[in-house]
Amino acid sequence: MATVTVRVPATMGNLGSGFDALGAALSWHNFVTLTAPHDGIVVEVVGEGAETVSRDEGNIAVQAVKRLMQFLSPDIARPLRKGFRLSLDNRFPLTRGLGSSAAARVGALVAANTLLSSPMTDDRLLALAAELEGHTDNAAAALLGGVTVAVATEEGVVWERFLPAAEVRIALLVPDFELETEKARAVLPKKVPMGDAVFNLSRSALLIAALTKGSLSLLREAMCDRLHQTYRQRLMPWLSEVFAAALEAGALGVHLSGAGPTVAAWCSDEATAKVVAKAMCQTLNAAGCGGIWQVATLDTNGAVAQTNR
């Protein structure tokens with residue numbers, strides 16, 4: 001019997017202008033532990049979502065392990081074929097735009113791959129994770145860490161990973177209500193004006209240049225968006241006021257984390273990030289909503305596995 005534990009980071013998708021393409025990993029982690037062989041499939045959940053997360057074969061982490069097994073020969077997958085136990089230790093909130101589904105899927109995929117002596121490359125794992133997620137941004141950041149650019153193609157996922165040239169801190173505002181990605185996507189239009197598409201293309205290019213060159217003063221403009229945040233504001237009517245509060249308090253740039261409702265403000269140092277986080281929280285409270293704040297750094301490692309045999 002073998003046990004693999006994977007530490008997998010929370011992630012921010014989109015980063016404002018980079019809709020469904022850019023992502024970043026945060027120093028806030030969940031843990032996925034896989035033990036095999038086991039009699040049947042057993043799922044254990046502690047922490048966030050302990051009362052609501054599925055404990056049967058409908059669990060998304062179980063589905064990820066099963067999907068990986070479909071690509072492997074029966075001999076390679078033998079340790080998992082009889083059954084396995086998955087233990088999910090969730091440390092960051094679920095359905096808040098922090099990549100909890102990507103963390104579960106990537107954690108399970110990496111755990112299963114490691115337990116089977118790594119028959120799959122990172123490229124193949126990312127392709128599987130992106131298929132299960134339906135988009136690449138959170139999956140790439142969770143697997144690879146840092147800031148990621150990931151594009152789905154017919155051959156797989158083409159990606160690049162990098163770290164900003166200047167140190168940053170991320171002030172996170174996490175409202176106390178859940179927002180499912182499907183609901184947040186449902187408010188988006190099927191078509192957008194050409195001007196809005198060009199607006200986002202130029203800002204996303206500027207964002208990558210700003211981060212790689214360390215030109216953090218450009219983040220305010222580079223994180224502006226017209227493809228998703230404007231439409232999602234109808235689900236979060238306080239959003240523009242929270243953005244304004246973050247910038248006024250000293251944030252370099254601000255955006256929804258993924259589909260929201262979490263808001264992420266990039267700052268130059270820890271002290272500023274705390275001021276920004278508190279300002280955002282006060283603004284949210286004034287709008288009649290509750291929430292918590294957190295200051296994080298960027299995770300540089302992505303999903304990390306440890307084996308105990």
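A residue counts as buried when its relative accessible area is under 20%, and this cut-off is used in the legends below, which describe close-up views of a predicted model.

**View 1. Leu-144, a buried residue of helix 5****.** Leu-144 is found in helix 5, which covers residues 137-144. Its relative accessibility is 9%, and because this value is under 20%, Leu-144 counts as buried. When residues up to four places away in sequence are not counted, Leu-144 touches Asp-122, Leu-126, Trp-159 and Arg-161, and also Thr-300, Asn-301 and Gly-302. Val-304 stands 160 residues from Leu-144 along the chain, and yet the C-alpha atoms of these two residues are separated by 9.3 Å.

View 2. With a relative accessible area of 4%, Asn-113 is buried. A polar atom of the Asn-113 side chain lies 2.9 Å from the backbone nitrogen of Met-120. Met-120 is also one of the residues in contact with Asn-113 once neighbours within four places in sequence are left aside, and the others are Leu-68, Ser-118, Pro-119 and Leu-125.

**View 3. The crossing of helix 10 and helix 11****.** Helix 10 runs over residues 239-248 and helix 11 over residues 270-286, and their axes come within 8 Å of each other, crossing at roughly 150 degrees. Angles over 145 degrees count as roughly antiparallel, and the two helices are therefore roughly antiparallel to each other. The crossing of helix 10 and helix 11 is right-handed. On the side of helix 10, the residues that meet helix 11 are Glu-241, Val-242, Ala-245 and Ala-246, while helix 11 contributes Val-276, Ala-279, Met-280, Thr-283 and Leu-284. Sorted by class, this contact has seven nonpolar residues, one polar residue and one charged residue.

**View 4. Leu-284, a residue of helix 11****.** Leu-284, which is among the residues of helix 11 that meet helix 10, has a relative accessible area of 0% and is buried. Apart from residues up to four places away in sequence, Leu-284 touches Leu-173, Pro-175, Trp-238 and Val-242, together with Cys-289, Gly-290 and Gly-291. The C-alpha atoms of Leu-284 and Val-151 are separated by 34 Å, and the two residues are 133 residues apart along the chain.

Conventions
Residues are numbered from 1 along each chain as its sequence is written. This is a predicted model: local features need pLDDT of at least 70, side-chain atom pairs count only at pLDDT 80 or more; totals for chains, interfaces and linings use all residues. Side-chain values use heavy atoms; hydrogens and water are left out. Axes are lines fitted to C-alpha atoms, for helices over the stretch in contact, and angles run from 0 to 180 degrees between N-to-C directions. Helices (H or I, at least four residues) and strands (E, at least two) are DSSP runs, numbered from the N terminus. Angles under 35 degrees count as roughly parallel, over 145 as roughly antiparallel, 65 to 115 as roughly perpendicular and the rest as oblique. A crossing is left-handed if the near helix is turned anticlockwise from the far one by less than a right angle, and right-handed if clockwise. Contact means heavy atoms within 4.5 Å. Ala, Val, Leu, Ile, Met, Phe, Trp, Tyr, Cys and Pro count as nonpolar, Asp, Glu, Lys and Arg as charged, and the others, Gly among them, as polar. Buried means under 20% relative accessible area, exposed over 50%, partly exposed in between (1.4 Å probe, protein chains only). A polar contact is a pair of N or O atoms within 3.5 Å; within protein, one must be able to donate a hydrogen and the other to accept it, and residues adjacent in sequence count only if both atoms are side-chain atoms.
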